[in-house]
Amino acid sequence: MITTTYLGSGDASRHRQDYRPEWLDNLADDVTMEGSVLTGIAEGPEAIRAILGFARTLYEYQEFNFVGPYGDHGFVEDYTSVVRGEPIGSVVVVRFNEAGQAARIVVNHRPLRSVLLWSQLMGEHFAGTRYAKYFLSHDEAEELHKAMGTR
């Protein structure tokens, strides 16, 4: 039997609403962020903080499978959640520079339906700002949903 990893355990006692990554307070001046919900690579501490600041509000909770360092210059977060009723799994990989600052961030979400929803919600929030270019517009998201048969 195949079980999905983005549904979480179902144990509400594992749901956290208080997590704030320490690395977010120590971003390199040239930090970049890539992700499955992004249509480009976000650059700079201001952009990263704005994007992640709003993104964190979309989660109903975070249920962590793992949070911690990996290797000599890295950090990983593996968690599940729910966004507007849709389950979503996330893996975040952070690479630190020699000064110990977060320099490269990669955020991958799954499944595709949740990725599209997430990018659409981010796009709606940032519409009319310089960060809108990183996300699907409402119309782009709707076209993709139609093509997938999810609407």
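Are Tyr59 and Tyr79 buried or exposed? Both Tyr59 and Tyr79 are buried, where buried stands for a relative accessible area under 20%, exposed for over 50% and partly exposed for what lies in between, with a 1.4 Å probe and protein chains only. The model is a predicted one, in which local features need pLDDT of at least 70 and side-chain atom pairs count only at pLDDT 80 or more, while totals for chains, interfaces and linings use all residues. Residues are numbered from 1 along each chain as its sequence is written, and side-chain values use heavy atoms, with hydrogens and water left out.

A pair of aromatic rings is described by the distance of the centres and the angle of the planes. Here, rings of Phe, Tyr and Trp (its six-membered ring) pair if their centres lie within 6.5 Å, and planes under 30 degrees apart count as stacked, over 60 as edge-to-face and the rest as tilted. Seven aromatic pairs are counted by this rule. The ring centres of Tyr59 and Tyr79 are 5.4 Å apart and the planes stand at 85 degrees, so this pair is edge-to-face. Because Tyr59 lies in the loop between α1 and β3 and Tyr79 in strand β4, the pair ties together parts that are 20 residues apart in sequence; helices (H or I, at least four residues) and strands (E, at least two) are DSSP runs, numbered from the N terminus. Another edge-to-face pair is formed by Phe126 and Tyr131, with 5.7 Å from centre to centre and 90 degrees between the planes. Phe126 is buried at a relative accessible area of 6%, and Tyr131 is buried at 10%. One aromatic cluster is made up of Tyr19, Tyr59, Phe64, Tyr79 and Trp118.

Rolling a probe the size of a water molecule over the atoms shows where empty space is left. On a 1 Å grid over the protein atoms alone, a cavity is a set of points where a 1.4 Å probe fits but cannot get out, and lining residues have an atom within 4 Å of a point. Grid points are joined across faces, edges and corners, and a volume is the space filled by probe spheres set on the points. The structure holds one cavity of 30 Å³ or more, and about 250 Å³ of space lies in the largest cavity. Its lining consists of 23 residues, of which Leu52, Ala55, Tyr59, Tyr79 and Val107 lie nearest the centre. Two or more lining residues come from each of β1 (27-35), α1 (45-58), β4 (74-83), β6 (102-110) and α2 (112-126), and α1 gives the largest share, four residues. The lining divides into 17 nonpolar, three polar and three charged residues, with Ala, Val, Leu, Ile, Met, Phe, Trp, Tyr, Cys and Pro counted as nonpolar, Asp, Glu, Lys and Arg as charged, and the others, Gly among them, as polar.

Ser119, in helix α2, is buried with a relative accessible area of 2%, and its side chain reaches the backbone oxygen of Val37 at 2.8 Å. Leaving aside neighbours within four places in sequence, Ser119 is in contact (heavy atoms within 4.5 Å) with Val37, Phe135 and Leu136. Glu63, in strand β3 (residues 63-70), is buried at 1%, and a polar contact of 3.3 Å joins its side chain to that of His15.

Gln17, in the segment before β1, counts as exposed at 70% relative accessibility. A polar atom of the Gln17 side chain lies 2.8 Å from the backbone oxygen of Glu60, and, apart from neighbours within four places in sequence, Gln17 is in contact with Glu60 and Tyr61.

The backbone remains to be considered. Most residues other than glycine have a negative phi, and most peptide bonds are trans. Arg110 and Pro111 are joined by a cis peptide bond, with omega about 0 degrees, and Pro111 is placed in the loop between β6 and α2. Arg84, in the loop between β4 and β5 (86-96), has a positive phi near 50 degrees and counts as exposed at 59% relative accessibility.

Conventions:
On a 1 Å grid over the protein atoms alone, a cavity is a set of points where a 1.4 Å probe fits but cannot get out, and a pocket is an open set with protein on both sides within 12 Å along at least five of seven lines; lining residues have an atom within 4 Å of a point. A polar contact is a pair of N or O atoms within 3.5 Å; within protein, one must be able to donate a hydrogen and the other to accept it, and residues adjacent in sequence count only if both atoms are side-chain atoms.
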